[in-house]
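Student: I would like to go through this structure with you, one question at a time. Could we begin with the term that the later answers rest on?

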Amino acid sequence: MASYLARRIGHSILTLFIIVTLVFCLLRLMPVEGYFANYEKMTETQIQAGLQSMGLLDPLPVQIFRFWRDAFHGDLGVSHIYRVNVPVVDILKDKLPISIQMGVLAMIVSLVVGIPLGSVMGRFKHRLPDQIGTAIVILIQAVPAAVYYLYIQMYGTTALNIGLLFNADRWQYWVLPVFSMSLGNIAFYAMWLRRYMVDESNKDYVLLARAKGASENRIALRHIFRNAMVPLVQYIPSAFLNTVVGSIYIESLYSIPGMGGLLVTCVQRHDNTMVQGIVLLYACVGIIGLILGDLLMVLIDPRISLGKKEGGR
Amino acid sequence: MLFFLKNAKSAQLESALNAKQAEDGPGAWANLPEDQLFTPADFSEARAEATAYSNYSYWGSTLRSFLKNKFAVALLIALVAVVGFAFLQPHLPGQVDPNYCRVDPDTGIQLRNIAPGVDGFVWGSNAIGQDLWARIWAGTRTSLVIAFFVAMIEAVVGITVGVLWGYVRQLDFFFTELYNICDNIPSTIILILISYVASPSVPTLILGMSLTGWIAMARFIRNQILIIRDRDYNVASRCIGTPTFRIVLRNLLPYLVSVIMLRMALTVPAAIGSEVFVTYIGLGLSVETPSLGNLINDGRQVMMQAGLRYQLIYPTIILSFVTIAFYLIGNAFSDAADPKNHLQ
């Protein structure tokens, strides 16, 4: 266990190191106007002087070393376009809470809706509830999220009679983003839970329970469901990543003042240091989420062999 | 062609067997007198050598069990029709250029936001008077080309790496460590980064999408190869000196066809979806290259005006049809290609 943990964390740190170095090097390839708020009006000498003062003309290894040293001190540089000369860390600090709230809510909703849906589908295999559920799951999985989010917004805002601009104080504004964000994971959980319940229902202990005269509902709930839930835990990390990625699109769609929306804005306005900071944060969040998910999996079921995963990511 | 030859051969063998049984099978025994019926049979060398003939053919069974799924077949025909039409459309008579802005000859103003079916705009026109019919089919072509290349690259790289990883034991450590590192990187972040750094174009998008996609494929192939690489028939092949590439090509890969096809079919919806996503972020193709992504993005900007919603609805209908069709056909085909489902 301890050696597994050490290896797992070691890998993650290595991954993080590679990502950050890669991001840093790639962004050096960008045109330099992403470092100046009023690039068009500047003369060549002003630009050179600006680059010199930011240390962007130094050799690449020197720059990377300096970037790492600053990052360890919690300094990711300053924004140059989005909010001129405000430290990136300060901007991110304001944006993080609402993203976390929304992500956690979406994770909870997807579990609360997806697991009952999946267990009903598994209980009534090949009957009407299963067919309806399967159709819904296929629709959600096959149609790109980027498309059905738009339809939810288009008809949802009219139905709830709300404006397009997000207002954190009224609950109506939370319904659509959280629902959109959880939809993909609802289908994901429902699909796998159904599959595991169908697998479990062919096992001998189910036959024994039936021979004892237990009712079908009792068998499904007390016997099959409990065993089918265990392997489902391994999909929580993937679901977490889905939520993180979904938030980029949704937050910007509903103009929620969070991290995802910020990334889109900064990409559109070519603010290099902001993009660098946000990508770094997303990579960290993704990696930490995956580690926690793997640990959860080991803690819940020691039979699950370490490092073995299924499902898309 | 081979399939039909094989059928003809099996019919011929079966009739030969029937004829043989009529002269010397249960049919012939019925007429024997009782004292001869229970005497030991003579040893016949010819009959001792006879074996049962099986006309099982993998692709034949796959095709037959796919054709049994009527819904999937209908969907496949519809999909072929839509994709075929998308690529045929510019060569049909009377089609306009997707980037041509039609101008009202009297006033000199572009024919903006014309409703579908009016003025010769089958699916209406957009905010600068371009024909949505032409743009949507052009966009479908672009998106399909991207998706096709992503699926191909993913398959080629994924299979190559997966086979090396699973078959060559010395490479296992290296690839496993590489996988452990690469698998942690969220693929969307890579896609955003590549599109941000490189200028938006079709090759950039293909590169960004296939850069991470092959990992899952390689992992899957590797696991399957590990399971079957030391089965008896492979050991036997190795013992008689079959070259490795032939073992891989003839013994291992045919076993994985269903899995590979499924993954490729599912890559298409994913790639089309990623293109829409990237375009929304502002890193997609420019409007001169219509794609489903930028059409949907244009439609999104006017979607709150009920009269202009057609600009969002038509591209999404085509997109959803293509993605759902690929998803369902991929699943149906992988069920059909799975030898476990071939037992009658």
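Tutor: A residue counts as buried if 20 or more other C-beta atoms lie within 10 Å of its own, and as exposed if 12 or fewer do. Please keep in mind throughout that this is a predicted model.

Student: Is His126(A) buried or exposed?

Tutor: His126(A) sits in the loop between helix H4 (88-123) and helix H5 (128-142) of chain A, and its phi is positive, about 60 degrees, although it is not a glycine. Most residues other than glycine have a negative phi. Because His126(A) has 9 C-beta neighbours inside 10 Å, it counts as exposed.

Student: In which loop of chain A is Ser255(A) found?

Tutor: Ser255(A) has a positive phi of about 40 degrees and is not a glycine. With 12 C-beta neighbours inside 10 Å, Ser255(A) counts as exposed. Its place is the loop between H10 and helix H11 (259-268) of chain A.

Student: How many helices does chain A have, and what percentage of its residues count as buried?

Tutor: From the N terminus on, the elements of chain A run α-α-α-α-α-α-α-α-α-α-α-α, which amounts to twelve helices and zero strands. The C-alpha atoms of the chain fill a box of roughly 85 × 55 × 30 Å along the principal axes, and among contacts between residues at least 6 apart in sequence, 73% join residues at least 24 apart. Of the 313 residues of chain A, the share that counts as buried is 36%.

Student: Are H6(A) and H10(A) roughly parallel or roughly antiparallel, and is their crossing left-handed or right-handed?

Tutor: The axes of helix H6 (residues 145-160) and helix H10 (residues 236-253) of chain A come within 11 Å and cross at roughly 30 degrees. Because angles under 35 degrees count as roughly parallel, H6(A) is roughly parallel to H10(A). The crossing of H6(A) and H10(A) is right-handed.

Student: Which residues of H10(A) make the contact with H6(A)?

Tutor: On the side of H6(A), the contact is made by Ala145(A), Ala146(A), Tyr149(A) and Gln153(A). By class, the contact of H6(A) with H10(A) has six nonpolar, two polar and no charged residues. The residues that H10(A) brings are Gly246(A), Tyr249(A), Ile250(A) and Leu253(A).

Student: Which helix of chain B supplies the largest share of the side that touches chain A?

Tutor: In all, 33 residues of chain B are in contact with 37 residues of chain A. Helix H8 (169-182), helix H9 (187-197), helix H13 (257-281), helix H14 (292-301) and helix H15 (310-337) of chain B each supply at least two residues of the side that touches chain A. The residues of that side of chain B divide into 24 nonpolar, eight polar and one charged. The largest share, eight residues, comes from H15(B).

Student: Is Val278(B) buried or exposed?

Tutor: Val278(B) lies in helix H13 of chain B. Leaving aside neighbours within four places in sequence, its contacts are Leu191(B), Ser195(B), Leu205(B), Leu283(B), Gly284(B) and Gly293(B). Because 27 other C-beta atoms lie within 10 Å, Val278(B) is buried.

Student: Which helix of chain B has the highest mean pLDDT?

Tutor: The model scores ipTM 0.80 and pTM 0.81, and in chain B the mean pLDDT is 83, with 96% of residues reaching 70 or more. Among the elements of chain B, the lowest mean pLDDT, 69, belongs to helix H2 (residues 26-29). The highest, 92, belongs to helix H6 (residues 70-88) of chain B.

Terms used
Residues are numbered from 1 along each chain as its sequence is written. Chains are lettered from A and ligands numbered from 1 in the order in which they are written. This is a predicted model: local features need pLDDT of at least 70, side-chain atom pairs count only at pLDDT 80 or more; totals for chains, interfaces and linings use all residues. Axes are lines fitted to C-alpha atoms, for helices over the stretch in contact, and angles run from 0 to 180 degrees between N-to-C directions. Helices (H or I, at least four residues) and strands (E, at least two) are DSSP runs, numbered from the N terminus. Angles under 35 degrees count as roughly parallel, over 145 as roughly antiparallel, 65 to 115 as roughly perpendicular and the rest as oblique. A crossing is left-handed if the near helix is turned anticlockwise from the far one by less than a right angle, and right-handed if clockwise. Two residues are in contact if their C-beta atoms, placed from the backbone, lie within 7 Å. Ala, Val, Leu, Ile, Met, Phe, Trp, Tyr, Cys and Pro count as nonpolar, Asp, Glu, Lys and Arg as charged, and the others, Gly among them, as polar. pLDDT is the predictor's confidence in each residue, from 0 to 100.
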